[in-house]
Amino acid sequence: MAIYDLEEQEQIDTLKQFWRDYGKLIILAALAFVLGVAGTQGWKYHKNTQAQAASLKFVELEQAVAKGDVNEIRHVADEIIADFASTPYGAMSALVLAKTERDGGDLDAAAQRLEWAAENAPTEELQVLAALRLAAVRLDQEQYDAALALLDKTPSESFVGVYSDLRGDVLLAQGNVAEARAQYQQALDETAETSPWRDVVQIKLDALSAD
């Protein structure tokens, strides 16, 4: 029994020494883990809260668009961009505002909004869409090289057709009929048979083929 007590006492002493040597580190590590978990959960909650608030604000923007109230569109869109830039709603609002400015004839303002969206959108899809619309604005501004530079990137599969179609528009504006025709043909090849947009591309291609 004495031997057992001695072994047990040695184990206790060893544990005490281990705790003296490493106890603080263990406590700090545990605290860091707890704070890390809490921080992650807090960040997720913050992001969800931000997204919910942004979505409600975006509904206001949609209502302003439905009414055709340009001043309200600018006001609400600017608020969303300022307060929720890190969410998809920030870039989406910039796209809405850019269309409003373009429709109103202010191409410089439209380009500025689209440049911001192309650089700051949190998803690749929104970045690509913003760049595509910016290229269309550059075409309106007769800045053909700038438009082609924006369209020079390889887009995701879902955007290949529209990229080719817009390249065709830019090349045609430059007088490069043969290259424009090739781009329209590529756009047609990449467009689903059921897409109503296919008819638009076909009309462009037929018009060039008739020349």
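## Helix packing around α7

Q: Which distance does helix α7 (residues 160–173) reach from its first C-alpha to its last?
A: Helix α7 has 14 residues, and the expectation at 1.5 Å a residue is 20 Å, where the expected span is 1.5 Å times one less than the number of residues. This is a predicted model, in which local features need pLDDT of at least 70 and side-chain atom pairs count only at pLDDT 80 or more, whereas totals for chains, interfaces and linings use all residues. Residues are numbered from 1 along each chain as its sequence is written, and side-chain values use heavy atoms, with hydrogens and water left out. The reach of α7 is close to the expected value, at 20 Å.

Q: How many helices and strands are there in the protein?
A: Helices (H or I, at least four residues) and strands (E, at least two) are DSSP runs numbered from the N terminus. From that end, the elements run α-α-α-α-α-α-α-α-α. The protein therefore has, by this definition, 9 helices and 0 strands.

Q: At what angle do the axes of α7 and α9 cross?
A: Axes are lines fitted to C-alpha atoms, for helices over the stretch in contact, and angles run from 0 to 180 degrees between N-to-C directions. The axes of α7 and α9 come within 12 Å of each other, and the two helices are roughly parallel, a term for angles under 35 degrees. The crossing angle is roughly 30°.

Q: Which residues of α9 meet α7?
A: Contact means heavy atoms within 4.5 Å. On the α7 side, the residues taking part are Gly161, Val162, Asp165, Asp169 and Leu172. Their partners in α9 are Trp197, Val201, Lys204 and Leu208.

Q: How far apart are the axes of α3 and α5?
A: Helix α3 (residues 88–103) and helix α5 (residues 124–140) pack at an angle of about 15°. That angle makes α3 roughly parallel to α5. The separation of their axes is 11 Å.

Definitions and conventions
Angles under 35 degrees count as roughly parallel, over 145 as roughly antiparallel, 65 to 115 as roughly perpendicular and the rest as oblique.
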